[in-house]
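Please look at the sequence and the structure below, and then work through the questions that follow.

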Amino acid sequence: MEYVVIQVTLKERFMGSGSGNLPELEAAINKQAAKGYRLRTITTASGKSGGFGGGDRIQATMVFEKLT
């Protein structure tokens with residue numbers, strides 16, 4: 001099997017609701033799907049970001065598997 005691992009760092013907004021990051025995740029997934037890969041697993045980790053209006057950062061790690 002052939003695999004590709006991609007990490008995407010997303011930034012939560014300080015104010016308001018929702019992260020607004022779904023299009024970024026969708027783009028990463030669709031790009032790999034167009035290359036013949038399917039999303040096998042996704043994990044997330046979060047951390048605080050300092051500074052004014054910093055918000056939280058979420059790192060999504062995605063593993064894609066090549067379709068045969």
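Q: What is the mean pLDDT of the protein chain?
A: This is a predicted model, and 76% of the residues in the protein chain reach a pLDDT of 70 or more. Where pLDDT is low, the predicted coordinates should not be read in detail. Taken over the protein chain, the mean pLDDT is 84.

Q: In which element of the protein chain is confidence highest?
A: Confidence is lowest in strand β2, residues 37–48, where the mean is 91. At the other end of the range, with a mean of 93, stands α1.

Q: In what order do the elements of the protein chain run from the N terminus on?
A: The protein chain holds one helix and three strands. Among the contacts with a separation of 6 or more, 64% are between residues 24 or more positions apart. Read from the N terminus on, the order of the elements is β-α-β-β.

Q: What share of the accessible surface of the protein chain belongs to carbon and sulfur atoms?
A: Of the 68 residues in the protein chain, 22% are buried. The accessible surface comes to about 4,800 Å², and the share of it that belongs to carbon and sulfur atoms is 55%.

Q: Which elements give two or more residues to the largest nonpolar core?
A: The largest nonpolar core has nine residues, namely Ile6, Val8, Leu10, Leu25, Ala28, Tyr37, Ala60, Met62 and Phe64. The elements that supply two or more residues to this core are β1 (3–11), α1 (22–34) and β3 (56–66).

Q: Is Ile29 buried, partly exposed or exposed?
A: Ile29 lies in helix α1 and, leaving out residues up to four places away in sequence, touches Leu39, Met62 and Phe64. Ile29 and Met62 are 33 residues apart in sequence and 8.6 Å apart in space, C-alpha to C-alpha. The relative accessible area of Ile29 is 27%, which falls between the limits of 20% and 50%, so Ile29 is partly exposed.

Q: With which residue does the side chain of Thr61 make a polar contact of 3.3 Å?
A: Thr61 has its place in strand β3. Not counting residues up to four places away in sequence, Thr61 touches Val5, Ile6, Gln7, Thr41, Ile42 and Thr43. The polar contact of 3.3 Å joins the side chain of Thr61 to that of Gln7.

Q: Is Glu65 buried or exposed?
A: Not counting residues up to four places away in sequence, Glu65 touches Met1, Glu2, Tyr3, Gly36, Tyr37, Arg38 and Arg40. Arg38 is partly exposed at 41% relative accessibility, and Arg40 is partly exposed at 47%. The relative accessible area of Glu65 is 4%, under the 20% limit, so Glu65 is buried.

Q: Which residues are linked in a network of salt bridges?
A: A search of the whole structure finds two salt bridges. The side chains of Glu65 and Arg40 meet in a salt bridge of 3.2 Å, N to O, and this pair links strand β3 with strand β2 across 25 residues of sequence. Glu65 also meets Arg38 in a salt bridge, and the residues linked in the network are Arg38, Arg40 and Glu65.

Methods
Residues are numbered from 1 along each chain as its sequence is written. This is a predicted model: local features need pLDDT of at least 70, side-chain atom pairs count only at pLDDT 80 or more; totals for chains, interfaces and linings use all residues. Side-chain values use heavy atoms; hydrogens and water are left out. A nonpolar core is a set of buried Ala, Val, Leu, Ile, Met, Phe, Trp, Tyr and Cys residues joined through side-chain atoms within 4.5 Å. Buried means under 20% relative accessible area, exposed over 50%, partly exposed in between (1.4 Å probe, protein chains only). Helices (H or I, at least four residues) and strands (E, at least two) are DSSP runs, numbered from the N terminus. pLDDT is the predictor's confidence in each residue, from 0 to 100. A salt bridge is a side-chain nitrogen of Lys or Arg within 4 Å of a carboxyl oxygen of Asp or Glu. Contact means heavy atoms within 4.5 Å. Accessible areas come from the Shrake-Rupley method with a 1.4 Å probe; for residues, only the protein chains shown count as cover. A polar contact is a pair of N or O atoms within 3.5 Å; within protein, one must be able to donate a hydrogen and the other to accept it, and residues adjacent in sequence count only if both atoms are side-chain atoms.
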